[in-house]
Amino acid sequence: MFERYSEIIPDFDGFAHAVRRPMASHIRVNPARIEASEFVRRTAGSGHRFEPLGWYAQGFVVPPTLERPGATLEYALGLYHIQSASSMVPPLVLAPEPGDRVLDLCAAPGSKTTQLCELMADRGVVVANDLFIDRLKVLKSHLERLGHVCAVITRRPGESYPGGLTFRRVLVDAPCSGEGTFRGTEAHGRSRRAVQETADARETATGEPPVREREKLYRLQRALLRRAANLVEPGGIVVYSTCTYDPLENEAVVDDLLRARDDFILEEPPVDVPGAEPGLTCFDGQRFRGLLARARRLYPHRLDSDGFFVARLKRQGDLAPLAKGGDPTA
Amino acid sequence: MGAVRLEEGGGAARARDDVLRYFAERFGVAAEAFDPYGVIAFGSSAWLVSKAMPAPASLRGFEPQNPGVRLLRDLGTFVKPTSAGLRLVGRAATRNVADLSPEDLWPFFERKPIAPPAPIEPGFAVVRLRGEGHVIGCGIQTRDGLVSQLPDSHAAGLRTSLFLAPRAGEARRP
């Protein structure tokens, strides 16, 4: 199913081999509950040797001795969260600071939301928005288990998220075809299901007519990013990410915003992820702005994790100092 | 323990004072344990929030849910501490605390009354894992003994992790 990307994915044979292999599992230690070094000592005492990712102090590779990382006392007590390594990248690229006002526009099931809370040391506000009730339940359970007090949940369509609040940083981890999460032999079927499930879920939640094509997904992604651009303060940051390889869902969406809004520029990410490739400037006859090379593509043969795309957009201007207490309504 | 009044919009300072008084009287939690947090009333609950959390009333158009971590539920005639809230402030408890061993926890997770290791006044208790210091959640001391008030999903996760999932090659069910 990935043959259409053979011209854009470096070492395509290595990529094709990687997607047929099982993926490593990763966790993120919750520093509000335990220091990473203490966590390593504690789990080593139980016979499990967690290896650090190396580029993120809280990130670790789950050792093969631990078959069920979701069935440990440490997990139940909120000492860590299970999250793929590549999924940890978008919050690091957004790089929120304690006291910030952050909007996570498509938040559920919440791995990135809880990571944002962690990066902010639970100081400030993360508005975690999503539309789907079942996914919000999972988000709530993660927030409770990990003990994050700086998040508040809202349930509105992201593409028409109300005004009245502005944010210093916005994460758009958009619904996508999910190609990057595929590992195994049923790639084609799973990816098509992912597209259909996303479309069907939106149809149920919004009452909109059936949405079955990738182009419809592109329109949603474009609308989400454009809405985020209206919600971020001058000088603020918007990060757009997906877990798919499709340039239509990635570079084309960011390119659309850059053409529509000349007050946004694409920045290099502030984190150096091993094996990350630059974004594309052309695909299948379509040319994107040269700035798209500042986006990053993550491939499973370069980083043993899900495939991802991430782009950091800055709205030009000077970021206003935080209001006293960081109240976004102030 | 009926002195806590969780009236939304009733004043953040009063909500905080009431909550701190309850935790001091019931669990001996010093006020300093709440220093990192704001306390707000929202719905029929008190919530632990970051100090930058906007007043829920200002978020009406956004359909806000779950600001922070729910700490106390107002059940009309009394208030009940939540397990999630106790996991944040229960480490500072000095009164009505049950430090349970794994052997105690198996029946506790099945909601069977158990004899606490130390006397507990009738009412809610902070349940901790003996030797670890980690707070597991909430229990209630009844005439029959200490009974779990953990949410089913949390109890199931703890039971699996403590007894059913092999750790370093050993099955731990007592």
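Tutor: Let us begin with a pair of side chains: B:Glu132 forms a salt bridge with A:Arg42, and their closest N and O atoms are 2.8 Å apart. This is a predicted model, in which local features need pLDDT of at least 70 and side-chain atom pairs count only at pLDDT 80 or more, while totals for chains, interfaces and linings use all residues. Residues are numbered from 1 along each chain as its sequence is written, chains are lettered from A and ligands numbered from 1 in the order in which they are written, and side-chain values use heavy atoms, with hydrogens and water left out.

Student: What makes the pair B:Glu132 and A:Arg42 a salt bridge?

Tutor: The term asks for a side-chain nitrogen of Lys or Arg within 4 Å of a carboxyl oxygen of Asp or Glu. Here an Arg and a Glu have their closest N and O atoms 2.8 Å apart, so the pair meets the definition. The count between chain B and chain A is one salt bridge, and eight residue pairs across the interface, both at pLDDT 80 or more, are in polar contact.

Student: Why is B:Trp106 called buried?

Tutor: Buried means under 20% relative accessible area, exposed over 50%, and partly exposed in between (1.4 Å probe, protein chains only). B:Trp106 has a relative accessible area of 14%, and it is therefore buried. This residue lies in helix α3 (residues 102-109) of chain B, where B:Leu105, B:Phe108 and B:Phe109 are among the other buried residues.

Student: Why is B:Arg111 called partly exposed, and what is noted about its phi?

Tutor: B:Arg111 has a relative accessible area of 39%, which is why it is placed in the class between buried and exposed. Its phi is positive, about 65 degrees, although it is not a glycine, and it is found in the loop between α3 and β6 (123-129) of chain B. Most residues other than glycine have a negative phi, and most peptide bonds are trans.

Student: How do you know that A:Ser111 and A:His81 make a polar contact?

Tutor: A polar contact is a pair of N or O atoms within 3.5 Å; within protein, one must be able to donate a hydrogen and the other to accept it, and residues adjacent in sequence count only if both atoms are side-chain atoms. The side chains of A:Ser111 and A:His81 are joined at 2.9 Å, so the distance falls within that limit. A:Ser111 is in helix α5 (residues 111-119) of chain A, and it is buried because its relative accessible area is 17%.

Conventions. Helix = DSSP H or I, 4+ residues; strand = E, 2+ residues; numbered from the N terminus.
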